[in-house]
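Take a moment to look over the model. Then follow the text from the whole chain down to single side chains.

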Amino acid sequence: MSIVASQPTVRFNAAGPYGIEGISYVPKVITVKKTVTTATENDDFMLAPTGTFITEVIAVVTDACDGNTTVTLGTDGDADALINATNFSVETLGNFYKFSTGYYLPSGDTLRIAVGGTPAAGEVEFLISYFEIPSMMGNGIHFEL
């Protein structure tokens with residue numbers, strides 16, 4: 001699946017000698033629910049376009065697995081680039097982890113959820129917030145210096 005629509009915008013007006021007028025960008029946010037079974041698996045769910053900047057990911061355990069199950073979030077080339085098993089344990093209901101370091105995909109990439117270890121059934125939900133920078137710049141820049 002590929003998300004192809006442009007970056008969402010909000011129109012704003014600012015008065016005064018240094019006021020700017022135009023559009024402001026809001027992040028795209030997608031939600032993903034992963035139902036864990038007893039199998040190790042990789043689920044590729046989104047092709048992020050070239051120039052995507054992931055600002056934040058929140059992972060929440062909505063149905064606990066066990067200590068032998070790992071759930072990571074990353075790309076098809078680096079399965080734990082965003083959420084890794086060291087920082088995110090899926091054995092406790094309500095456990096969460098917030099990734100907010102930022103992650104840039106200069107050539108785009110496929111996002112992947114990987115289930116490993118000796119999985120036990122459970123469920124994890126993800127909220128992924130990102131910007132498509134080329135779409136934003138192509139829509140008009142605020143300042144050119």
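Buried residues account for 37% of the 145 residues in this protein. The model is a predicted one. Its accessible surface is about 7900 Å². Carbon and sulfur atoms hold 53% of that surface.

Now trace the chain. The protein has 1 helix and 10 strands. Starting at the N terminus, the order is β-β-β-β-β-β-β-β-β-β-α. Contacts show how the chain comes together. Take those contacts in the protein with a separation of 6 or more: 79% of them are between residues 24 or more positions apart.

Next, go inside. In soluble globular proteins, nonpolar side chains tend to be buried together. Here the largest nonpolar core has 26 residues. Which of them touch the most other members? They are Phe 45, Val 57, Leu 73, Ile 83, Phe 126 and Ile 128. Strands S3 (28-36), S4, S5, S6, S9 and S10 (122-132) supply at least two residues each.

Pick out Phe 126 from that group. Set aside residues up to four places away in sequence. Phe 126 then touches Ile 30, Thr 31, Val 32 and Lys 34, among others. Its other partners include Val 57, Ile 58, Ala 59, Val 71 and Leu 73. Ile 83 and Ile 113 are also touched by Phe 126.

Lys 34 brings us to charge. The structure holds 6 salt bridges. Lys 34 takes part in one with Glu 41, where the closest N and O atoms are 2.6 Å apart. Lys 34 also forms a salt bridge with Asp 43, again with 2.6 Å between the closest N and O atoms. Together, Lys 34, Glu 41 and Asp 43 are linked in a network of salt bridges. Is Lys 34 buried or exposed? Lys 34 counts as buried, because its relative accessibility is 8% and the cut-off for buried is under 20%. Its partners count as partly exposed. Glu 41 has 25% relative accessibility, and Asp 43 has 26%.

Another salt bridge joins the side chains of Arg 112 and Asp 44, at 2.6 Å from N to O. Arg 112 is in strand S9 (residues 109-117) and Asp 44 is in strand S4 (residues 41-48), so this pair ties together parts that are 68 residues apart in sequence. The two ends differ in cover. Arg 112 is buried, with a relative accessible area of 16%. Asp 44 is partly exposed, at 45%.

Now turn to two threonines. Thr 69 lies in strand S6 (residues 69-75). Thr 69 has a relative accessible area of 5%, so it is buried. What does the side chain of Thr 69 meet in a polar contact? The side chain of Asp 66 does this, at 3.0 Å. A polar atom of the Thr 69 side chain also lies 2.9 Å from the backbone nitrogen of Ala 120. Leave aside neighbours within four places in sequence, and Thr 69 is in contact with residues including Val 36, Val 90, Gly 116, Thr 118 and Pro 119. Val 115 is one of its contacts too. Thr 69 and Val 115 are 46 residues apart in sequence, but their C-alpha atoms are 7.2 Å apart in space.

Thr 52 is the other one. Thr 52 is in strand S5 (residues 52-63). Thr 52 counts as buried because its relative accessibility is 1%. The Thr 52 side chain has a polar atom 2.6 Å from the backbone oxygen of Pro 49. Beyond its neighbours within four places in sequence, Thr 52 is in contact with Tyr 103, Tyr 104, Leu 105, Tyr 130, Phe 131 and Glu 132.

Tyr 104, Ile 133, Met 137 and Ile 141 make a nonpolar surface patch of about 370 Å². Where is Met 137 in the chain? Met 137 is in helix H1 (residues 133-138). Its relative accessible area is 52%. Met 137 therefore counts as exposed, since the cut-off for that is over 50%.

How values were computed: Residues numbered from 1 in each chain as written. Predicted model: local features only at pLDDT ≥ 70, side-chain atom pairs only at ≥ 80, totals over all residues. Heavy atoms only, no water. Patch = residues over 30% accessible without salt bridge, like charges linked within 9 Å, V, L, I, M, F, W, Y side chains within 5 Å. Areas by Shrake-Rupley, 256 points an atom, 1.4 Å probe, with all protein chains shown as cover. Salt bridge = Lys/Arg side-chain N within 4 Å of Asp/Glu carboxyl O. Helix = DSSP H or I, 4+ residues; strand = E, 2+ residues; numbered from the N terminus. Buried < 20%, exposed > 50% of the residue type's maximum accessible area, 1.4 Å probe, protein only. Contact = heavy atoms within 4.5 Å. Polar contact = N/O pair within 3.5 Å; in protein donor to acceptor, adjacent residues only side chain to side chain. Core = buried A, V, L, I, M, F, W, Y, C linked by side-chain atoms within 4.5 Å.
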